Amino acid sequence: MAFLEIDGLRKRFGQVEILKGIDVELEKGGFLVLVGPSGCGKSTLLNTIAGLETITSGEIRVDGRTINDLHPSKRDIAMVFQSYALYPNMTVAGNISFGMEMRGVPAAERQKAIDKVAKVLQIGHLLQRKPSQLSGGQRQRVAMGRELVRDPKLFLFDEPLSNLDAKLRVDMRIEIKRLHATTGTTIVYVTHDQIEAMTLATKIAVMRDGEVQQFGTPAEIYNNPSNLFVADFMGSPAMNLIPATIGTSGNALSVVLQRETREPISLPMANAPAGLSAFQGKPIIFGVRPEALTDPEGAERNASHIATADCHIEVVEPAGSDTFAVTNLGGKGVVARLRADANIQPGTNTPLAFNLTKAVFFDPATETRIR
Amino acid sequence: MSTVATSQIKLTPEHARPRASVRSRLQDALPKIVLAPSFAITIVFVYGFILWTIYLSFTNSKTFPSYVLTGSRAYQRLWGWTFDTDPPSSWYTSITNMGIFGFLYIAICLALGLFLAILLDQKIRGEGVLRPIYLYPMALSFIVTGVAWKWFLDPGLGLEQTLHQWGWTSFHFDWIKNKDFVIYTVVIAGVWQASGFIMAMFLAGLRGIDGEIMKAAQIDGATTFQLYRRIVIPLLRPIFLSAFIVLAHLAIKSYDLVVALTSGGPGGSAWLPSNFMYEYTFKRNEMAVGSASAVIMLMTIVAIIVPYLYSELREKPR
Amino acid sequence: MSAVTIPARQASGGVNVKVINRIVIYGLLALFALFYLMPLFVMLVTSFKTMDEIQNGNMLALPRAPTFDPWLKAWGETCVGLTCAGIKGYFWNSIKMVVPAVLISTMLGALNGYVLTKWRFRGATLVFGLMLFACFIPFQSVLLPMATILGSLGRFGVTLQNATGTSFGLGNPTVNLVFVHVVYGIGFTTLFFRNYYEAFPTELVKAAQVDGASFFQIFRRIMLPNSMPIFVVTVIYQFTNIWNDFLFASAYAGTGDAMPMTVALNNVVNTSTGVVEYNVNMAAAMIAALPTLLVYVLAGRYFVRGLMAGAVKG
């Protein structure tokens with residue numbers, strides 16, 4: 001039995017169904033990231049776990065105990081909010097101990113707990129300050145301290161890094177990961193940033209319109225997207241999703257990509273997924289990540305199945321660590337990721353290598369994966 | 001294993017929820033319990049009383065409330081008196097005054113308020129001193145400042161006499177004693193009281209305009225006048241609306257202005273409907289007629305305020 | 001900031017144009033300042049003049065021999081109707097009425113605003129809309145029923161008085177006015193607090209819920225300590241409004257010893273017996289104006305904010 005189990009959870013606001021039957025589970029010590037575009041229901045889902053919003057039907061269990069109808073304070077959870085929600089009228093110490101005060105913990109014990117947490121997070125020198133006197137990163141730390149002190153069964157994070165600037169966000173991301181590694185707590189974390197999701201999670205639930213689109217490990221989500229939405233949403237730069245048709249070349253199937261001025265490219269598929277044969281002569285969506293579309297010298301050496309085709313390069317973007325090249329296939333701009341020192345000029349025709357072992361295919365009608 | 005959760009509906013029976021304890025149910029209801037007294041008070045003492053007043057306006061109440069319905073007699077009497085009856089109808093005087101006062105009060109306050117706000121927005125040194133000076137009349141009761149205005153407008157004591165002393169002996173200003181002009185003195189005093197506040201509203205609006213729009217217009221070659229006429233004033237439209245609503249409801253509710261300044265004017269010639277209502281209800285023992293006039297005032301306010309409140313409070317799309 | 005300055009192109013027409021522009025602007029502003037200040041100025045200088053000087057002098061002139069007598073007379077001797085004991089008693093009447101009315105209506109407004117924003121329920125907007133509309137009604141439309149109810153309560157108070165020895169404040173004009181001002185003030189106070197709490201981060205309330213704080217604990221420990229600005233705004237607004245009220249005061253305490261300051265002042269000024277003592281009238285008016293004037297001078301910023309909150313945005 002998993003530590004956190006969410007079963008058929010539904011949430012309705014009047015006529016609108018916000019959550020349409022969510023099934024998710026997480027092992028003890030796991031790190032679940034709920035990711036999706038704004039309005040997908042991820043924050044609502046977190047709030048229902050916290051007990052800040054009621055649910056219409058379904059069940060939430062933590063450590064075998066159903067917590068559906070418990071008051072938030074009785075659920076043995078802690079929550080870090082997007083704005084940190086530090087009480088502006090209280091000192092840092094007051095903020096950290098407010099929950100204990102509400103539960104009637106004696107002052108001496110509270111002080112002990114404050115000191116312990118202050119040590120872990122290195123905020124001892126800030127204890128007597130008001131939140132308004134803290135920097136963004138310090139506030140973040142205090143917010144985590146306030147939750148840590150309760151030693152809860154479950155930690156909830158609601159987009160905790162979205163108010164920080166880019167550099168601090170990376171630092172705090174590492175901090176949270178370290179905290180998770182050292183304390184071994186179970187965490188549910190909401191974000192719209194797929195990089196945060198990839199770097200932090202042990203499990204990711206990609207959500208859209210109140211439904212979980214895919215639930216799995218970061219690697220599964222990244223390499224094996226179950227539908228067009230997940231493929232498009234996860235990864236940066238995003239996966240190239242190119243309209244194509246399935247043709248035949250000899251005995252094998254081939255992917256045919258239209259080009260603007262020249263004859264189409266035909267990429268032979270040696271080990272096409274079984275479902276693809278049903279699409280002969282029909283349109284499909286051909287998905288290939290930028291790193292699987294590269295200069296022939298930079299192509300993965302041990303990939304079993306690489307096809308090379310001449311492409312007209314429209315734009316070149318040197319990004320330092322890599323160089324990105326944009327070409328046009330199937331009527332869409334397609335991004336290729338090349339070595340930083342690749343010699344490539346815009347306006348030229350350059351051979352690009354397609355790593356077809358990493359390619360995925362989608363049915364344009366249902367947007368589901370063709371396997 | 002990656003599982004795909006499509007929209008498959010899991011048919012689990014609705015889990016029977018543990019019965020909430022009395023205490024936790026009380027906790028859930030607490031917010032409503034806290035709000036309830038205020039809401040009840042509003043329902044009874046505002047809406048209940050309004051209905052009561054409407055009911056009274058259909059009775060023959062005189063000195064004391066009577067609950068015998070007599071149809072629209074009070075309304076007929078209210079509108080039946082005319083200028084030609086003897087004495088001439090105070091009600092027609094009141095609503096004519098309301099029209100004159102309402103129109104001039106709102107128009108002048110808006111114009112003057114906008115004008116002062118634009119002047120004050122020209123990076124004025126001493127704005128911090130001027131602004132409170134323009135606004136203080138709003139903080140004082142007109143019963144207080146009416147004393148000064150009455151004195152100031154009195155031909156024997158105030159402005160007229162002062163100018164006579166200064167040598168302008170032909171100056172004549174006796175509106176406050178003249179039944180045809182007394183309402184205009186009410187307009188002067190009313191504008192004096194409220195225009196500073198309207199100025200503050202417009203000033204806040206001006207300060208809220210994005211400075212980059214101004215810069216863009218200046219680069220486009222707009223003169224200061226064009227800038228205000230074509231860019232700034234159109235952007236202030238919401239403020240015009242709010243200011244209009246404020247002024248319209250202040251105008252309809254104006255009561256102590258007339259009492260303090262004119263004590264009703266010669267023969268009630270300065271009355272507004274609010275004064276009419278008070279006089280007929282409490283002094284002339286015509287309770288039903290007074291109630292009818294109150295209902296008409298209320299309807300006027302409803303016609304202005306309800307659409308405004310509705311549009312302000314309508315659930316904004318998320 | 002939008003401060004629009006004269007575009008450079010125009011200004012380049014010469015320094016003169018610019019200077020003249022500024023002179024015109026400052027001149028107009030000063031002129032209007034005089035217009036607004038004039039009544040207060042006349043009141044103030046007249047209240048320090050002798051009657052002799054008033055009759056023979058210029059109303060705008062400063063007092064030649066300032067005297068404090070009119071103030072003393074207004075405070076302690078002038079006649080309100082037939083009683084000639086000055087206005088001091090009525091001043092205290094107003095204080096006794098204003099303080100409880102302001103405190104009660106403000107507290108209720110704070111609680112209502114808290115519920116309406118942080119514990120939203122179905123129909124909350126309708127409830128708020130109904131309460132808000134009460135701010136705008138002409139009070140003439142409730143004047144009469146309220147008078148009837150207050151009359152009945154007064155008679156019930158007499159019965160109670162006879163039966164138990166205390167009337168529990170029923171029938172007391174001051175208590176009546178406190179009640180009336182609370183009833184017709186909660187619309188405003190609720191509006192102020194609702195708009196303030198609307199912008200107050202809901203996450204703080206959620207965090208406190210997770211921390212185990214109850215409905216009232218959240219209100220007392222989280223909301224109230226962070227509500228100082230709106231408290232000041234509301235208290236000042238209510239204080240000014242209730243102190244300045246004339247309609248309710250004259251309708252429900254228009255005669256007798258319990259009348260508030262505004263009614264008493266109106267009686268003083270409109271007493272037609274004997275010589276009209278303008279200096280005493282002005283002094284009485286100044287005394288009536290002092291509390292609100294003082295509040296305005298000390299915290300005018302908050303007063304204006306209250307006016308604005310009542311005007312813009314429901």
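A: Four strands of chain A form an open sheet in the order E2-E1-E4-E5, with antiparallel pairing. Strands (E) are DSSP runs of at least two residues and helices (H or I) of at least four, numbered from the N terminus. Two strands pair if DSSP finds at least two bridges between them. The edges are strand E2 (16-26) and strand E5 (65-66) of chain A, each pairing on one side only.

This is a predicted model: local features need pLDDT of at least 70, side-chain atom pairs count only at pLDDT 80 or more, and totals for chains, interfaces and linings use all residues. Residues are numbered from 1 along each chain as its sequence is written, while chains are lettered from A and ligands numbered from 1 in the order in which they are written.

Strand E4 (residues 57-62) of chain A pairs with E5(A) in the antiparallel sense, over two bridges. Arg61(A) has Thr66(A) in E5(A) as its bridge partner.

Helix H1 (residues 42-50) of chain A lies across strand E1 (4-13), E2 and E4 of chain A. H1 runs at about 65° to E2(A). Such angles run from 0 to 180 degrees between N-to-C directions, with axes fitted to C-alpha atoms, for helices over the stretch in contact.

Next comes Leu156(A). Not counting residues up to four places away in sequence, Leu156(A) touches Leu46(A), Ile49(A), Ala50(A), Ile77(A), Ala78(A), Met79(A) and Val188(A). Contact means C-beta atoms, placed from the backbone, within 7 Å.

Leu156(A) also belongs to the largest nonpolar core, which has 293 residues. A nonpolar core is a set of buried Ala, Val, Leu, Ile, Met, Phe, Trp, Tyr and Cys residues joined through C-beta atoms within 7 Å. Buried means 20 or more other C-beta atoms within 10 Å of a residue's own. Leu32(A), Leu156(A), Ile87(C) and Leu265(C) have the most contacts inside this core. Helix H15 (residues 278-311) of chain C gives the most to this core, with 16 residues. At least three residues come from each of domain 1 (4-233) and domain 2 (240-362) of chain A.

Those domain bounds come from an automatic or database domain assignment. The domain centres, taken over C-alpha atoms, are 39 Å apart. Five residues of domain 1 of chain A are in contact with five residues of domain 2 of chain A.

How values were computed
Two residues are in contact if their C-beta atoms, placed from the backbone, lie within 7 Å. A residue is buried if 20 or more other C-beta atoms lie within 10 Å of its own, exposed if 12 or fewer, and partly exposed in between; C-beta atoms are placed from the backbone.
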